[in-house]
Amino acid sequence: MKLKRFLLRYFPPGIILEYESNGEMKQKTIDLLSLTVETDVEVLLNQILKQEPLLTESKRPYVRKLLYKLIEKQDTQDSQQFYLFKILRAHILPLTNCAFNKNGERFITGSYDRTCKVWNTVTGEELLTLEGHKNVVYAIAFNNPFGDKVITGSFDKTCKVWDSMTGKLLHTLRGHSTEIVCLSFNQQGDTIATGSMDNTAKLWDAHTGEELHTLLGHTAEIVSLSFNQAGDRLITGSFDHTTKLWDVQSGRCVHSFQGHRGEISSCQFDWGGGKCVTGSIDRTCKIWDVKTGQCVNTLRGHNDEILDVCFNSTGSRLATASADGTARVYNSMTGACVSILVGHEGEISKVQFSPEGSRLITASSDKTCRLWSADSGECLQILEGHMDEIFSCAFNYEGDTIITGSKDNTCRIWKA
C-alpha cells in the first residue's frame, strides 16, 4: 500500500487518505468528529500515527499542519454579521423551497409557478429555468457533493431529473399516484428516493431513471425522508405516526420506529448513521438506535408541534423547531437541553446548523430569519426585510452565505 495524497474534509472534520493498493486507487477516511479548538493536537497526532499504518513518522509535520487547518475551520465566529447581498424576484408565484449545491456557488428555487430555477449565488443571476412540470414544483435537491444534477418533485405526481449545467431534462420518474412532497439523492449520487401522499416511497436509479423498489408499509402520507451517509439505508417519516427504516439494496423494511402519538413532520440520520431523529406533531422529538430500532431518548419541552429537526455535521447535537415560536438545541448523546432559542413571534418551520456547528439559523412565519449561538441560545442577528412568512433558510458549505425563501415570492442572499 502506497500513500498518494491527503484530502481534507472540513465539515464534519476528517482526513481522507488516497492510496494505491495492488495497482488500484483507494480511499480511507480518518473521522475526527470530536475535533475542537480545545483539542490537544500532539496527543491526537500520536494517536493517529499509532493507529494508521499508511502514515509513517516522516508524515508527522504534514499531518500536524492538516490538523491545525481543520481546527481553524471549526473555530466559532459568533461575531460574524451578515448583510443583505441580493434580493431575487425569483418567481411569479410563491416559492416552495430553496437549496444550495455543495460549495454554494449555485442554488435552486422551486415554485407554485411549476418551475425550478438555478441561480448563481455570487452574482444573483438566473442561470436556468427548468420547465416541464404540470403542477407545483414542491421538493427540490442537488446531487451533492457532485452538483451536476437536480431533481424536482411535483404535485403532478412525477419527479424529473435534470442536468444542472445545461438544463436538459434527463428523466421523468413516473409511478406515484398522488403528489410527491419529499425527495433526495443518496450521497453517492446513484439512487433517488421520492416520498408521496400516496403512502409510498420509491427508489430509482439516478443514471437510467428506472424504478428500483416501491417501499410499501406506511398507512398515511410520507412527508420526510433521509438517506444515511453510506447510501444503503433510508428512513421515511409518515402521518401514520411511524418512521420506517429501509434497506436500499433490497427495498425491505428493516425497522418500524413506533412511539410517537402524532404525525411525523421531519426525520434525519446523523453523520455516522447509527442514530436517527424524528420530530412530531405530538410536541416531542425521539432519538432512535438504527441497529436495534429502539427509542433511546424522548426529548420534551416544546408546547406545540415540532415542525423540523436536524443534526449538526458531526451528530453530537440536534436542533428542533416548533410552532410554539422557539427552537431548542440538545446534546444527542445525553438528551440534555443545551439551549432554548427564544425571540421569534411566530412558528418556526425550519432550522439548520452552520457547517462548524456553533450557530444556527431559523426561518419563521414572523417574516424574519434569526441567527443564534448554539451554546448560549443568544440571538446574534435578525435577518429582516421579507414581506411575508419565511419557510426556507440554508447555509452554504463555508457558512459565509445564507439564503432565505419567503411567501413574498422573493429569495434573499445574505453574505458575511
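Trainee: Which residue of β12 does V161 stand opposite?

Mentor: Strands of a sheet pair through backbone hydrogen bonds, either parallel or antiparallel. Here V161 stands opposite H171 in β12. Keep in mind that this is a predicted model.

Trainee: How many bridges join β11 to β12?

Mentor: There are 4 bridges between β12 and strand β11, residues 159-163. The two strands run antiparallel.

Trainee: What is the strand order of the open sheet?

Mentor: Its 4 strands follow the order β9-β10-β11-β12, with antiparallel pairing. The edges are β9 (137-142) and β12 (169-173), and each of these pairs on one side only. On average, neighbouring strands of this sheet are turned by 20° against each other, direction ignored.

Trainee: What joins β2 to β3?

Mentor: Here 8 bridges link β2 to strand β3 (residues 24-31), and the two run antiparallel. S21 stands opposite E24 in β3. This pair of strands also forms a hairpin, with 2 residues between β2 and β3. Look at N22 in the turn: its phi is positive, about 50°.

Trainee: Why is β2 called largely enclosed?

Mentor: Count its buried residues, taking buried as under 20% relative accessible area. In β2 (residues 14-21), 7 of the 8 residues are buried, so the strand is largely enclosed by the rest of the structure.

Trainee: Which residues of helix α1 are buried?

Mentor: In α1 (residues 41-51) the buried ones are V41, L44, L45, I48 and L49. They cover an arc of only 130° around the axis, so they sit on the same side of α1. The face turned away from that buried side carries K50 and Q51, both exposed.

Trainee: Which residues lie nearest its centre?

Mentor: L35, T36, N312, S316 and E356 do, out of 24 lining residues.

Trainee: How many of the lining residues are nonpolar, polar and charged?

Mentor: The lining of the second largest pocket has 13 polar, 6 charged and 5 nonpolar residues.

Methods: Residues are numbered from 1 along each chain as its sequence is written. This is a predicted model: local features need pLDDT of at least 70, side-chain atom pairs count only at pLDDT 80 or more; totals for chains, interfaces and linings use all residues. Side-chain values use heavy atoms; hydrogens and water are left out. Two strands pair if DSSP finds at least two bridges between them. Axes are lines fitted to C-alpha atoms, for helices over the stretch in contact, and angles run from 0 to 180 degrees between N-to-C directions. On a 1 Å grid over the protein atoms alone, a cavity is a set of points where a 1.4 Å probe fits but cannot get out, and a pocket is an open set with protein on both sides within 12 Å along at least five of seven lines; lining residues have an atom within 4 Å of a point. Ala, Val, Leu, Ile, Met, Phe, Trp, Tyr, Cys and Pro count as nonpolar, Asp, Glu, Lys and Arg as charged, and the others, Gly among them, as polar. Buried means under 20% relative accessible area, exposed over 50%, partly exposed in between (1.4 Å probe, protein chains only). The arc is that of the directions from the helix axis to the C-beta atoms.
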